[in-house]
Structures are given as structure tokens and as C-alpha cells.
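Colleague: Could you walk me through this one slowly? I am new to reading structures and would like to follow each step.

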Amino acid sequence: MSPAAEDGARQEITWDDFMRVELRVGRVLAAEPFPEARKPAYKLQVDFGPEIGIRKSSAQITVLYSPEDLVGRLVVAVVNFPRKQIGPFMSECLVTGFHNADGHVALCIPEQDVPLGSRLL
């Protein structure tokens with residue numbers, strides 16, 4: 001561990017490090033409860049446009065959102081993580097968000113409508 005990491009300082013990264021993480025905009029096509037998950041979650045289908053296509057994700061966002069609230073909504077997700085098995089479900093991307101003051105996840109969403117698949121810069 002570097003001395004900076006030991007004293008709690010943030011480790012700097014390069015632009016190339018940042019660009020390795022593909023944060024893309026997608027539109028939620030479907031959302032349904034995921035009762036097999038250990039923590040309350042939804043199974044999502046997210047459309048990232050023709051270049052990336054439709055990906056599945058499990059998201060622990062059940063407190064702040066209903067499935068009906070999610071369909072049609074733009075989200076920001078990491079699309080270049082390896083697929084991850086979550087119980088009987090294979091997650092293909094990570095939908096991003098922030099913990100609010102109560103510890104519930106609020107989605108990271110674009111303020112304006114942008115083309116599907118757009119990359120966060």
C-alpha cells in the first residue's frame with residue numbers, strides 16, 4: 001500500500017485509467033422483482049444502442065424505485081466489467097448510483113436526453 005493510501009488520501013489515476021472504465025448511457029426496457037436475490041433487487045434489461053445492445057443487470061434499488069418507475073428511464077452503467085453470476089441470474093453490466101442520506105441507492109442519471117450508448121466523459 002502506498003503512503004498516500006495509508007493516510008487516507010485519494011490515489012490519483014491517469015486519464016487512461018479513467019478511460020478503461022466504459023460508463024455508458026442506456027434506457028431501461030424492463031424491470032422485474034428478483035426474489036432469489038439475497039438483498040432486495042430488481043432484474044433490469046437495459047438498451048445501450050446498436051453498438052453494445054441490450055444487457056441485463058441486477059440492481060438493489062427497490063426502496064426508491066418501483067419497476068414501473070424504471071421502465072423508460074435513462075441510466076449510467078459500466079459495460080466492460082466481466083459478467084457476474086448473481087444467484088440464478090447473469091448480470092452483464094453495473095448500473096451506477098449513489099447512497100443517499102438513508103443509505104438507499106439513488107440512480108446516476110443524465111440530466112438531458114442523450115443517445116443510447118453515449119460514453120461518460
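Modeller: Let us start with a term: a residue counts as buried under 20% relative accessible area, as exposed over 50%, and as partly exposed in between. E32, at 41% relative accessibility, therefore counts as partly exposed. Please keep in mind that this is a predicted model.

Colleague: Okay, and which residue does E32 meet in a salt bridge?

Modeller: The side chain of E32 meets that of K43, with 3.6 Å from N to O. Since E32 lies in strand 1 and K43 in strand 2, the pair ties together parts that are 11 residues apart in sequence.

Colleague: How many salt bridges are there by this rule?

Modeller: The count comes to four salt bridges. Among them is the one between R24 and E22, whose closest N and O atoms are 2.9 Å apart; R24 is buried at 10% relative accessibility, whereas E22 is partly exposed at 22%. Another of them joins E92 and R83, with the closest N and O atoms 3.5 Å apart.

Colleague: Are E92 and R83 buried or exposed?

Modeller: E92 counts as buried, at 16% relative accessibility, while R83 is exposed, with a relative accessible area of 54%.

Colleague: Switching topic, how many aromatic pairs do you get?

Modeller: The count comes to two aromatic pairs. In one of them, the rings of W15 and F18 have their centres 5.4 Å apart and their planes at 45 degrees, so this pair is tilted. W15 and F18 are three residues apart in helix 2, which separates them by about one helical turn. W15 is exposed at 54% relative accessible area, and F18 is partly exposed at 25%.

Colleague: And what about F34 and F89?

Modeller: F34 and F89 also form a tilted pair, with 5.5 Å from centre to centre and 55 degrees between the planes. F34 lies in the loop between strand 1 and strand 2 and F89 in strand 6, so the pair ties together parts that are 55 residues apart in sequence. Both F34 and F89 are buried.

Colleague: Last thing, what does the protein as a whole look like?

Modeller: The protein has three helices and nine strands, and from the N terminus on its elements run α-α-β-β-β-α-β-β-β-β-β-β. Its C-alpha trace spans about 45 × 35 × 30 Å along the principal axes, and of its 121 residues 32% count as buried. Among the contacts with a separation of 6 or more, 59% come from residues 24 or more positions apart.

Definitions and conventions. Residues are numbered from 1 along each chain as its sequence is written. This is a predicted model: local features need pLDDT of at least 70, side-chain atom pairs count only at pLDDT 80 or more; totals for chains, interfaces and linings use all residues. Side-chain values use heavy atoms; hydrogens and water are left out. Rings of Phe, Tyr and Trp (its six-membered ring) pair if their centres lie within 6.5 Å; planes under 30 degrees apart count as stacked, over 60 as edge-to-face and the rest as tilted. Helices (H or I, at least four residues) and strands (E, at least two) are DSSP runs, numbered from the N terminus. Buried means under 20% relative accessible area, exposed over 50%, partly exposed in between (1.4 Å probe, protein chains only). Contact means heavy atoms within 4.5 Å.
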